[in-house]
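Colleague: Hi! Could you walk me through this one? I have a few quick questions.

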Amino acid sequence: MRPEISTFIMFVVIMTAFFIANDKFLSPRNIRIVMGITPEYIIVAIGIAILMISGEFDLSVGSVFALVPMTMVQLVHQGIPPWFAIALGLSIGIAVGFVNGFITIRFGIPSFIATLGMLYIARSLTTVATGGFPPPFPHSLPNELFVFQFEVFRASLFWMLGVAFVAGIMLHRSNLGNWIYSTGGDTGAASSMGIKTNNVKMFCFILCGFLAGFAGMIQTFRIEAPLPSQGYLLELESIAAAVIGGVSLFGGVGTIFGAAIGAILIRFLESGIIMARIDAEWFRAGLGSLIIISVVFNTWVVRRGENMVHKNQAEENEIDSKKNTQKSEGETNE
Amino acid sequence: MSSENIIECKDLNKYYSGVHALKNLSLKIKKDTVVGLIGDNGAGKSTLIKILSGAHAPDSGHIYFEGNEVKFKSTKEAMNLGIETIYQYSALIPQMSIARNIFIGREQTTFSLGSIGLMKSKSMDKAAMEALNDVELHLRSPETPVNQLSGGERQGVVIARAMYFKSKVLILDEPTNHLSVKETNKVLRFVEGLKKQGVTSIFITHNLSHVYPIADHLCVMARGEKIADLAKEDTNIDELTDLLVNG
């Protein structure tokens, strides 16, 4: 059984439990509130999940989530046309991803360290870029295109679905996806089959940086205020979302669907705790427990699946060997 | 140059930081046979296969493939000619399905942009099952992850992969190491099947009893030299054991 299925089961259980605690939890109003902010987190989690499947980490996504929109806003204040500022801002995300990948691959150091350094550097750059206090949001930026509030959902939900669709096709249906899984599963084996594993990893680093910046842009566009503290601790929450959704820390395992469910689960957990009139300070305790329980549950489900397969195989082998002994006995009798 | 020899080596020499790892080695490998290459650890077996698979270049000597002299610069070059090497630790990704493993790096795609395209999963699954059936490996589904297979079955998948991509020569480096007796027999059956399909195999092992039953020709190495090169009908297991132990 696939690990993301156990995540989905947990999702249903948790949603049901909060619904019992307060039936307004699944009211259109609450879904509208939660799903208004969730797409940003899902987009980051998708980038992290793909990178983790290729066998690497990115701790700098929270900082990139702030740096990219801050760059856009400041560029617009400098008189740069909004769409050009958006393009330049997004290329900062790409550049950070490239630097993360380059340092990790070229110097052969763990991506955990390379991107930990980048976490501090990018956050520092964001604060420096504010020049002391957060700048006002320039309304020449086309923010409605990304965050317009429809009846229940925001435009960001559709952007997220677009990202998830393209990423899903790439990861699960294209040969590039096959290379990403094989690179994360066993780098040595993949390169012996002619996969350029360094290029694959570099692609995933860049994609992750780009998506983190894109998601940060959506958040800034939604709240219409570029804050240097935006995305603080988001790197850990994104890894948590991926892991809750069945992405392996060791690479080679995971799905886009799982990472998205993981991110949604975290946001509804937050909302559910508030709706159940529990002190909001318990959110982190809840998240911590969720991470541990979900990974234990995932591991248990996967092991159970494997054991069933092995049991079947063992039984088949036994039947085989019985047949063989009967056959050879028959032959000796003749 | 007789065309019935698919590979012919002449006076190969290889030094590793002053150590003479391969000494004037000459070898003829006939088409559609199983050649057992045996020798104790350090006899030069690995050096020889690294040269034949294109991983290392010899310091002197010649290699002929199907009668033409070849000088490999990479394993990819050897693979393109049809020489595929299967190393002890198989080149499979444990978490991935059998079909995806068989096609790693050589996926069948459609709607391609450059080298990236959508995988034709159904056609790859079908081809994977056929490739497995060709080596008499009957597994339930091409979607089974490789980590749910036994060691022998994994070797079978690797052999099926080499077969599918039309290898002419398969070099197997200790394919039966760390396998149970039953699994070893499975692998030996795969190798026997290769001959029928017109594939020459070079079976490297230090365990004579594994290769003896299926080999047509046996080649014994010691201290970087070939000390015996015998057709199976001209020798017996006692003589070979004696050669292996006493050099």
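Colleague: What share of the residues of chain B count as buried?
Modeller: This is a predicted model, and in it 43% of the 247 residues of chain B count as buried.

Colleague: And what radius of gyration does chain B have?
Modeller: Chain B has 19 Å. A compact globule with 247 residues would have a radius of gyration near 18 Å, so the value for chain B agrees with that. The C-alpha trace of chain B spans about 55 × 40 × 35 Å along its principal axes.

Colleague: How many helices and strands does chain B have?
Modeller: Eight helices and 12 strands. If you take the contacts in chain B between residues at least 6 apart in sequence, 69% of them join residues at least 24 apart.

Colleague: Let's talk strands. In what order do the four strands of the open sheet in chain B come?
Modeller: The order is S2-S1-S4-S5 in chain B, with antiparallel pairing. Strand S2 (19-30) and S5 of chain B stand at the edges. Each of these two has a single partner strand, so one side of each is left without a neighbour in the sheet.

Colleague: How many bridges pair S4(B) with S5(B)?
Modeller: Two bridges, in the antiparallel sense. B:Tyr64 has B:Glu69 in S5(B) as its bridge partner.

Colleague: What lies in the loop between those two strands, S4 and S5 of chain B?
Modeller: B:Glu66 lies there, between strand S4 (60-65) and strand S5 (68-69). B:Glu66 has a positive phi of about 50 degrees, although it is not a glycine. Most residues other than glycine have a negative phi.

Colleague: Why does B:Glu66 count as partly exposed?
Modeller: Because B:Glu66 has 16 C-beta neighbours inside 10 Å. A residue would need 20 or more to be buried, and 12 or fewer to be exposed.

Colleague: Switching to chain A. Where does A:Arg277 lie?
Modeller: In the loop between helix H12 (256-275) and H13 of chain A. A:Arg277 is not a glycine, yet it has a positive phi of about 60 degrees.

Colleague: Buried or exposed, that A:Arg277?
Modeller: A:Arg277 counts as exposed, because it has 9 C-beta neighbours inside 10 Å.

Colleague: Now the interface. How many residues of chain A are in contact with chain B?
Modeller: 19 residues of chain A are in contact with 17 residues of chain B. Helix H8 (175-185), helix H9 (187-192) and helix H13 (283-333) of chain A each supply at least two residues of the chain A side. H8(A) gives the largest share of that side, six residues.

Colleague: What classes of residue make up the side of chain A that touches chain B?
Modeller: Eight nonpolar, eight polar and three charged residues.

Colleague: Last one: what is the mean pLDDT of chain A, and where does pLDDT stay under 50?
Modeller: The mean pLDDT of chain A is 89, and 91% of its residues reach 70 or more. Over residues 327-334 of chain A, pLDDT stays under 50. For that stretch of chain A the model has zero contacts beyond four places in sequence.

Definitions and conventions: Residues are numbered from 1 along each chain as its sequence is written. Chains are lettered from A and ligands numbered from 1 in the order in which they are written. This is a predicted model: local features need pLDDT of at least 70, side-chain atom pairs count only at pLDDT 80 or more; totals for chains, interfaces and linings use all residues. Two residues are in contact if their C-beta atoms, placed from the backbone, lie within 7 Å. Ala, Val, Leu, Ile, Met, Phe, Trp, Tyr, Cys and Pro count as nonpolar, Asp, Glu, Lys and Arg as charged, and the others, Gly among them, as polar. The radius of gyration is taken over C-alpha atoms; the globule rule is 2.2 Å times the number of residues to the power 0.38. pLDDT is the predictor's confidence in each residue, from 0 to 100. Two strands pair if DSSP finds at least two bridges between them.
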